[in-house]
Amino acid sequence: MSKQQVTVPDIGGAEGAEVIEVLVAVGDEVSVDQGLIVLESDKASMEIPSTVAGRVVELLAATGQQLAEGAPVAVIEVAQEEGVAAEEAPAEEAASSDRGTPAAVADEQDSRPVDAPAAEQTPAATPVAASGQGASAGSEQTVSVPDIGTDEAVELIEICVAVGDTVAEGDSLVALESDKASMEVPAPSGGEVTELLVRVGDLVKQGDKLLVLRGSPPAAASTPAPASTPEQTPATPPASAAKAPAVAAAREAAPAESSGTYAGPAVRKLAREFGVSLQQVTGSGPRGRIVKEDLHQFVQKALSGKPAGAVAGAGIPAIPEVDFAKFGPVERIERSKVDKLTAANMQRSWLNVPHVTQFDEADITALEEFRAGLKPEAEQRGTRLTPLPFILKACAVALRDNPRFNSSLADGGEQLVYKGYIHIGMAVDTPAGLVVPVIRDVDRKTIWELAEEVLELAARARDRKLSPGDMQGGCFTVSSLGSIGGNGFTPIVNAPEVGILGVSRADIKPVWDGQGFAPRNMLPLALSYDHRVINGGDGGRFMTRLVALLGDIRQLLM
């Protein structure tokens with residue numbers, strides 16, 4: 001075995017890029033070309049892949065860190081033959097990497113002189129293919145897809161301009177996205193957009209035509225500067241040096257709705273996921289650039305009812321900010337990403353789903369006696385048998401017998417999708433926040449299999465080793481507070497699911513058996529459901545079936 005260090009390749013930016021996500025953890029097995037981290041620069045976001053296959057033994061990069069070419073990312077333990085193969089990789093592959101990434105292409109566009117001689121413009125370095133060298137006053141040029149580092153077609157995910165818009169050199173025209181990276185195509189020169197030749201969702205590749213630009217006269221042509229100023233030198237200043245005033249001038253001249261969206265590809269992608277128009281967001285970054293924090297704050301204000309453009313039109317009164325430091329010592333800490341995401345999802349579900357909660361108690365006296373009798377066998381199997389596997393199994397049978405609980409709304413509520421599988425999520429409380437890993441095919445697994453999977457998923461959740469796939473595909477959720485649960489609570493439906501079961505703390509209570517009161521172990525249950533899909537009768541039948549199953553676990557075999 002040998003260890004190899006994976007470093008940041010040439011990403012085309014001397015100032016480096018920010019680590020916005022770490023995709024692996026120490027101990028993970030990775031393959032060649034599997035993403036390790038995600039970097040984001042001003043012009044592009046991209047994954048940094050592993051150059052070898054093996055096990056991650058050390059992570060050398062963290063979220064928020066600025067990395068440049070050559071910076072260490074991770075140490076991978078590989079087999080000796082893999083290490084030798086990696087050292088013998090063709091040198092030209094590494095040498096060409098500076099032109100193979102969208103980030104490199106995008107940063108090349110910013111660093112080369114606008115009017116560089118044609119001899120200096122190699123095909124790979126040309127930022128935007130066009131029908132001419134540039135758009136002079138009144139002339140038109142067709143802007144095409146530049147060299148994006150791949151011969152395969154990529155998706156056009158956003159058009160940043162409209163017909164009639166005036167753009168400055170370097171302004172973003174469209175945004176492209178491949179499996180590994182996203183990038184913006186900048187304007188090769190200033191002018192007016194006269195025709196759009198593509199639509200959002202089109203697949204394009206290098207050389208495909210995007211739009212037509214009509215050149216406009218230089219703004220300073222009528223007021224020449226003194227001959228001694230640097231701007232009068234024959235060489236045109238680099239685009240990166242002139243970009244800030246050009247963008248500012250374009251924003252003053254063009255309508256706000258077309259020019260006020262200065263954001264990177266990762267921010268644009270996040271905005272699409274949130275369903276937020278970037279034209280409504282005020283940027284706090286350099287030169288008014290919109291950063292992810294701006295989007296999070298915008299969505300938070302919208303959900304809390306604060307006025308924030310058209311999205312916050314729900315009429316919910318805003319909660320006023322309070323300076324708590326006036327009353328005594330305080331400490332402010334940043335919430336984890338998982339914590340904030342959970343809060344946003346819960347509030348979205350609460351606002352969109354009409355909740356109804358039904359309460360009942362299940363007599364689990366016999367279940368607990370049976371479980372206690374299995375304790376020696378559980379020790380032999382090297383596992384621990386909690387009440388949760390029995391609850392999951394009972395829910396699976398109740399979902400099978402009440403299929404409306406195993407459905408989801410689709411097509412804006414016009415259709416109901418019934419699922420032919422039973423995957424149940426279990427809420428797990430972790431130091432980073434609440435997560436819900438999903439146990440698949442619960443109806444087909446034994447109690448012992450469920451017990452092992454519950455313990456495994458809970459451990460992975462606490463160690464933050466769950467993958468996105470581990471938390472997708474759920475049909476129903478169980479939120480068990482166990483011994484800390486109190487007498488009951490009202491769980492929030494995890495949309496697009498239509499039901500969730502809240503389990504509180506079991507307690508010995510006197511129960512009338514027809515002749516007298518007897519001590520019984522009673523388990524409080526709370527069933528919340530989406531009233532658009534589930535009515536009171538459906539909820540009552542589900543809860544009655546569930547209580548019966550937990551009261552007599554022999555029915556789980558029927």
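Close-up 1. Helices (H or I, at least four residues) and strands (E, at least two) are DSSP runs, numbered from the N terminus. The model shown is predicted: local features need pLDDT of at least 70 and side-chain atom pairs count only at pLDDT 80 or more, while totals for chains, interfaces and linings use all residues. Residues are numbered from 1 along each chain as its sequence is written, and side-chain values use heavy atoms, leaving out hydrogens and water.

**Close-up 2. The D538–R541 pair in helix α14.** A salt bridge joins the side chains of D538 and R541, with 3.0 Å from N to O. The residues stand three apart in helix α14 (residues 536-551), about one turn of the helix. D538 has a relative accessible area of 13% and is therefore buried.

**Close-up 3. The R214–E192 pair between two strands.** Side chains of opposite charge can pair when their charged atoms come close. Here the closest N and O atoms of R214 and E192 are 3.8 Å apart, in a salt bridge. Because R214 lies in strand β16 (residues 209-215) and E192 in strand β14 (residues 191-196), the pair ties together parts that are 22 residues apart in sequence. R214 is partly exposed at 33% relative accessibility, and E192 is partly exposed at 31%. E192 and R214 are also linked with E140 in a network of salt bridges. A search of the whole structure finds 17 salt bridges.

**Close-up 4. The open sheet containing β14 and β16.** Four strands form this open sheet in the order β9-β16-β14-β11, with antiparallel pairing; two strands pair if DSSP finds at least two bridges between them. At the edges lie β9 (140-144) and β11 (166-167), each pairing on one side only. The antiparallel strands β14 and β16 are joined by five bridges. R214 in β16 is the bridge partner of E192.

Technical notes: Salt bridge = Lys/Arg side-chain N within 4 Å of Asp/Glu carboxyl O. Buried < 20%, exposed > 50% of the residue type's maximum accessible area, 1.4 Å probe, protein only.
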